Amino acid sequence: MKWKFILVTIVIIVIIVNLPIVNKNVLLMMDGNNPFKYSNLNASFTQQESFAFKDSYLTNWSINRFIEETHPSNEDKQVYRLYKINPLCFWRWSYYISISRNYKYKSWNEIEKNRVPYNQENMWQDF
């Protein structure tokens with residue numbers, strides 16, 4: 001009987017932390033100092049998630065706007081996530097399912113070799 005209670009409690013915790021409203025606060029609390037980062041192949045487009053209340057997640061709208069304004073080469077139109085998916089971090093499951101699965105993983109070490117110079121004035125480069 002005790003193991004059933006523990007199992008039900010764990011399931012309830014996993015469900016609660018992955019609810020849309022709660023999830024963003026949990027991500028900010030757990031991962032706020034280590035945000036999820038995204039980049040194209042030459043790092044002319046970089047973005048990191050802030051998880052602030054009014055900030056939206058990475059969307060195709062911002063990527064398409066970058067492509068329309070800068071006209072990058074075909075290989076630089078693809079955006080990659082710079083973090084690995086860790087299924088043990090159950091508080092991230094909602095984010096993984098809704099955002100992360102849309103982007104392939106690429107190591108920052110591979111991208112950094114081809115990186116264009118960082119320009120703080122460039123609205124498409126966060127880091």
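Author: Happy to! Please keep in mind that this is a predicted model. The lining of the largest pocket is made up of Asn-34, Pro-35, Phe-36, Lys-37, Leu-82, Tyr-83, Lys-84, Arg-92, Trp-108 and Phe-127. By type, 6 of these lining residues are nonpolar, 1 is polar and 3 are charged. The space inside the largest pocket comes to about 180 Å³.

Now pick out two of the lining residues, Phe-36 and Tyr-83. The whole structure holds 9 aromatic pairs. In one of them, the ring centres of Phe-36 and Tyr-83 are 4.5 Å apart and the planes meet at 25°, so this pair is stacked. The cut-off behind that word is an angle under 30 degrees. Phe-36 belongs to the loop between helix H2 (20–31) and strand E1 (37–40), while Tyr-83 belongs to the loop between strand E3 (79–81) and helix H4 (93–98), so their pairing ties together parts that are 47 residues apart in sequence. Phe-36 has a relative accessibility of 3%, so it counts as buried. Tyr-83 is buried too, because its relative accessible area is 10%, and the limit for that label is under 20%.

For another pair, turn to Phe-45 and Trp-124: their ring centres are 6.2 Å apart with the planes at 35°, so the pair is tilted. Phe-45 is in the loop between E1 and strand E2 (46–48), and Trp-124 is in the segment after helix H5 (108–113), so this pair ties together parts that are 79 residues apart in sequence. Both Phe-45 and Trp-124 are buried.

At the pocket lining, which includes Lys-37 and Phe-127, the charged end of Lys-37 sits over the Phe-127 ring, 4.7 Å from its centre. Elsewhere, Lys-106 lies over the face of Tyr-80, at 5.1 Å from the centre of that ring.

Let us finish with the largest nonpolar core, which has 19 residues. The members that touch the most others are Tyr-38, Phe-45, Leu-58, Ile-63, Val-79, Tyr-95 and Tyr-103. Two or more residues of this core come from each of H2, helix H3 (60–70) and H4, and H3 gives the largest share, 3 residues.

Conventions:
Residues numbered from 1 in each chain as written. Predicted model: local features only at pLDDT ≥ 70, side-chain atom pairs only at ≥ 80, totals over all residues. Heavy atoms only, no water. 1 Å grid on protein atoms, 1.4 Å probe; cavity = no way out; pocket = protein on both sides within 12 Å on 5 of 7 lines; lining within 4 Å. Points joined across faces, edges and corners; volume = space filled by probe spheres on them. Nonpolar A, V, L, I, M, F, W, Y, C, P; charged D, E, K, R; others polar. Phe/Tyr/Trp six-rings, centres within 6.5 Å; stacked < 30°, edge-to-face > 60°. Helix = DSSP H or I, 4+ residues; strand = E, 2+ residues; numbered from the N terminus. Buried < 20%, exposed > 50% of the residue type's maximum accessible area, 1.4 Å probe, protein only. Lys NZ or Arg CZ within 6 Å of the ring centre and 35° of its normal. Core = buried A, V, L, I, M, F, W, Y, C linked by side-chain atoms within 4.5 Å.
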